[in-house]
Structures are given as C-alpha cells and as structure tokens.
Amino acid sequence: MFSPDDSIVAIATPPGRGGIGVVRISGPSASEIAGKVLERDAPLQPRFATFLSARAIDEVIATYFPAPHSYTGQHVVEISAHGNPVVLDAIVRCAIDAGARLAEPGEFTLRAFLNGKRDLIQAEAVGDLIAAATPLQARVAFDQLEGTLTRRIAAIDAELYDLVARLEASLDFPDEGYHFIEASHTAQRINGVIEGLDQLLGDARQGRMIREGATVVLAGRPNVGKSSIFNALAGHDRAIVTEVPGTTRDLVTERIDLGGLPLTLVDTAGWRATSDIVEREGVARGSQARDVADLVIVVLDRSEPIATEDEELLEQTTTRNRIVVANKSDLAATVRVKADTTYDADRTYDNESPSSHSYVVSGFTRTVDTDVCVSALTGSGVSELRKAIVAALTGQDSLRDTAAISNTRHIVLINAARACLVAAHEAAAAEDTPEEFLLTDLQAARSHLDEIVGVRTSDDLLEHIFANFCIGK
Ligand code: GDP
C-alpha cells in the first residue's frame with residue numbers, strides 16, 4: 001500500500017505567516033518537478049542553496065539533496081519562500097501540476113523509514129521531538145533520535161542472536177554429541193538478557209511520564225488552600241483565590257512543566273455536601289477528576305482540626321496514588337502534633353514544624369499521616385511538594401535528564417520479550433529440555449525486539465504511527 005515510487009509535496013512549516021516557509025518535494029522526480037516549479041532548465045546544484053525567482057510568485061531559495069543523501073533517502077528539493085500560506089500554496093499547486101502528489105501526514109518520515117534512513121524508534125522520535133512541550137521531553141526524544149535506545153536494544157538482541165546460533169548448531173550436529181553451549185550456561189546467559197531488559201524497564205515509568213505527562217488533581221474541603229497551592233505550583237495566579245468557601249465551582253486546569261514532567265494540574269471544587277446546584281455539579285466533576293487522575297493531592301488545613309469532610313476525602317482516596325498535604329504551616333497549628341516516638345500527650349506543638357508529618361486532633365482520637373507540610377502563602381515547603389509529586393509519579397526522587405524508553409508501544413514489546421525470556425529461562429533451568437523448546441521462546445523474544453526497531457512491521461502499525469504526524473513531516 002505504501003508506494004515510494006511517486007513524488008510527494010507538502011508545506012513543511014506550520015500553518016500561518018512567518019519569516020520563512022518551506023515546501024518540500026521528495027521522490028524519484030523531485031528534481032524535475034522542482035525545475036518546472038522554478039521554471040528552470042538547468043539542474044539545481046546538489047546541496048547548494050540557489051537563490052531564484054519562481055514564476056512571479058516569490059523569490060525563493062531552493063536546495064537539492066540527491067538520493068540517498070537526503071531526509072527521506074530519495075531525491076529531495078526544499079524550496080524556502082516567504083512564510084505566507086498563499087505563496088506556499090501556489091508553489092505546492094505548481095508542484096502538483098508538474099506531477100507531484102500531496103503528501104499524507106508523516107509520509108516524508110515514513111519514506112525515511114522505508115528507505116532505511118531511520119529505524120522505527122527514530123522515526124517515532126521525530127514525531128515526539130516535534131510534539132515536545134517541555135525541554136526534557138525534547139531531550140528524551142532527541143536522545144532516541146540519536147539512537148540511544150536503538151543501540152541498547154541492538155546489544156540485547158546481539159546476545160540473543162548468539163544464544164540462538166549456538167542452540168541451532170547443537171541441533172544441527174546432534175550425532176556428534178557435541179553441545180555448543182551448556183544448559184546451565186544457557187540459563188545464566190538468558191538471565192543476563194532479562195537483567196538488561198529490566199534495566200530498560202526501570203526507566204520506563206519515568207520515561208512514559210515525561211513523554212505522555214500526568215494528570216494531578218488537587219482535592220480538599222473548601223478553603224483549605226487548594227487554589228493557592230495550585231497557583232504556587234503553576235507559578236502564577238491562575239485559579240481564583242477568595243476567602244468565601246465554594247468559589248472554585250468548575251475544574252480549573254493548567255499545563256505546567258514540573259521539573260521536566262508535563263503535568264495537567266486540576267483544581268477541583270471544594271469537597272463538601274452542598275445544596276447549591278452549581279456547586280454540587282462542581283463537586284461531582286471534582287470526584288470524576290479524582291477517579292481518572294494519576295495523582296491526587298489531598299489538601300488539609302493544618303490550622304484547623306480535621307473535619308468530617310477531610311476524613312471522607314482521605315477515606316475515598318486511600319487506594320489512590322496520593323499525597324496528603326498539610327497546608328497553612330505559617331499559622332499556629334490548632335491541632336496537637338505528634339513527634340514520632342517522642343510523642344508527648346500533654347504538649348501542644350503549636351506553630352512548630354513537626355519532625356514527622358503526622359498530627360493528632362485534640363483528644364488524640366484521629367491521626368492523619370501527611371506527606372508534606374506547606375504554606376501556600378509564604379511558599380515554604382512548596383519545593384518539597386514538587387519533589388514529592390515527581391517521586392509519587394515516577395518512583396524516583398528526581399528526574400534523570402534522559403530516559404531511554406518512553407513510548408508505551410516500546411514498553412509493551414519489551415515486557416512481551418521479557419515474558420518469552422522468562423519462559424526460556426525456566427526451560428533452560430529444567431533438566432534435559434530439548435533445544436527446540438528454548439529456541440521457540442528465544443526467537444519469539446527476538447521478534448518482539450525486532451518489532452520495536454521496525455525490522456518486522458505491519459502496514460497497519462505504520463499507518464497508525466505516521467497518522468499522528470503532521471503533514472509535511
Ligand atoms: P480553596 O478553597 O481550598 O481553593 O482555598 P483558597 O486557595 O481559595 O484559600 C482559602 C483562603 O485561605 C484564602 O484566604 C487564602 O489566602 C488562605 N490561604 C491559603 N493558603 C494559605 C496558607 O498557606 N497560609 C495562610 N495563612 N492562608 C492561606
């Protein structure tokens with residue numbers, strides 16, 4: 001279904017106006033088509049920028065990249081004109097009149113993949129790099145474009161290839177009674193490969209979070225300071241902060257970059273029973289948001305005793321990934337603070353920073369373990385809260401500046417390869433397992449790795465991946 005035999009054209013720069021706009025042509029006749037567009041008989045000099053006037057449309061600079069030294073591996077001509085949609089459309093129309101076809105989304109990168117200029121990981125990384133919204137997302141995508149993940153998978157695959165070759169040799173020369181590899185050694189080596197995959201998977205949660213982002217929902221009864229914390233995290237006044245309880249009636253969302261993690265931060269209506277129909281709707285939306293969140297931040301007001309609503313919210317969120325925050329640490333704590341083992345029943349630890357983040361209401365009936373103590377007003381504790389959010393989402397205290405693996409498709413396939421290897425390991429560890437059994441599992445593991453890199457693909461998969469690209473890429 002993919003026919004790289006024709007020539008395609010598209011505007012490669014974003015829609016709208018700008019200093020420069022680029023039209024790209026790729027295919028066997030790219031040079032001839034460009035010649036007609038530019039009304040020029042002499043061929044363009046390869047890899048030189050040629051300044052010329054095109055058909056009374058615009059003054060342009062044309063660059064010719066002959067195959068295979070181009071982005072797609074085919075002949076490519078890039079025409080840089082002024083960034084005006086009318087001008088660029090006119091150039092595209094001329095190219096179509098000259099025999100080109102309008103490119104599908106991602107078709108230039110698809111051709112690069114089909115021509116072996118990039119493997120599938122790198123092609124996907126191009127899409128990620130274009131879509132990146134945070135510097136860390138861009139870093140991770142660039143790393144994959146450079147081939148970091150490709151190399152790590154190739155090293156794992158080389159080890160598997162060697163194992164498969166030895167086992168096949170044992171099968172091919174059974175009469176000689178010669179084994180090219182000991183069973184125990186096989187099990188040991190398979191284990192080594194599993195460890196290699198586990199190292200990759202160790203970064204996967206962080207990588208996926210960096211690539212896909214996470215939704216973090218702030219929850220708490222009215223007036224505990226959710227909107228203030230939202231603003232402290234977002235870095236500017238976005239949500240309305242008032243002293244009147246029940247002001248946040250709808251979900252307020254903001255996209256923020258929290259230490260490299262792209263987060264959708266959601267401020268919800270205060271959790272309380274209410275007769276106000278609008279506020280009730282807001283509370284209901286808040287509950288729904290909590291249910292789909294990657295992380296819930298339950299905010300408590302440390303200056304007030306724990307209320308029934310606080311307890312209900314804590315109860316409802318016990319099984320969720322959550323952080324319990326004690327806000328208003330600048331105010332005197334009206335609750336007693338438990339200082340871990342040196343708990344002193346007669347003392348009220350007013351306005352003290354607790355050594356353990358747990359506190360007990362008067363009468364010592366309720367204990368709530370909190371994770372972070374903050375003051376949204378003064379900003380104290382907010383950086384600890386940021387760290388706690390990163391830790392709760394990625395399982396790591398801070399983000400390393402690169403993550404080798406970030407794409408769910410890759411994670412799923414690595415897990416599938418790992419499962420095959422675990423089966424192979426069991427077979428190898430068992431006595432007298434025929435080599436065929438092992439081989440089947442090892443080859444299945446290799447085929448999953450091949451699928452990541454794109455050695456094996458289906459048209460459906462390619463269509464799915466490249467459909468998410470923009471036209472012109
Ligand atoms: P929400 O209803 O939970 O969103 O609470 P808001 O963020 O609107 O805050 C309610 C009130 O508490 C406002 O008057 C805030 O100024 C105040 N407030 C919020 N955080 C703090 C804090 O850390 N310390 C103090 N002293 N007041 C705070």
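A polar contact here is a pair of N or O atoms within 3.5 Å; within protein, one must be able to donate a hydrogen and the other to accept it, and residues adjacent in sequence count only if both atoms are side-chain atoms. The model is predicted, so to speak of local features takes pLDDT of at least 70 and side-chain atom pairs need 80 or more, while totals for chains, interfaces and linings use all residues. Numbering starts from 1 along each chain as its sequence is written, and side-chain values use heavy atoms, with hydrogens and water left out.

View 1. S228 puts a side-chain N or O atom 2.6 Å from a ligand oxygen. S227 has a polar side-chain atom 2.7 Å from an oxygen of the ligand. On its own the ligand exposes 570 Å², and the protein buries 88% of that (Shrake-Rupley, 1.4 Å probe).

**View 2. The shell around the ligand.** There are 18 residues around the ligand (a heavy atom within 4 Å), with N223, K226, S227, S228 and D330 the closest. By class, that's 6 nonpolar, 7 polar and 5 charged.

**View 3. Lining of the second largest pocket.** Its 15 lining residues (an atom within 4 Å of a grid point) include I11, A12, T13, P14 and I471, which lie nearest the centre. Helix α2, residues 85–97, supplies the largest share of this lining, 3 residues.

Definitions and conventions:
Nonpolar A, V, L, I, M, F, W, Y, C, P; charged D, E, K, R; others polar. 1 Å grid on protein atoms, 1.4 Å probe; cavity = no way out; pocket = protein on both sides within 12 Å on 5 of 7 lines; lining within 4 Å. Helix = DSSP H or I, 4+ residues; strand = E, 2+ residues; numbered from the N terminus.
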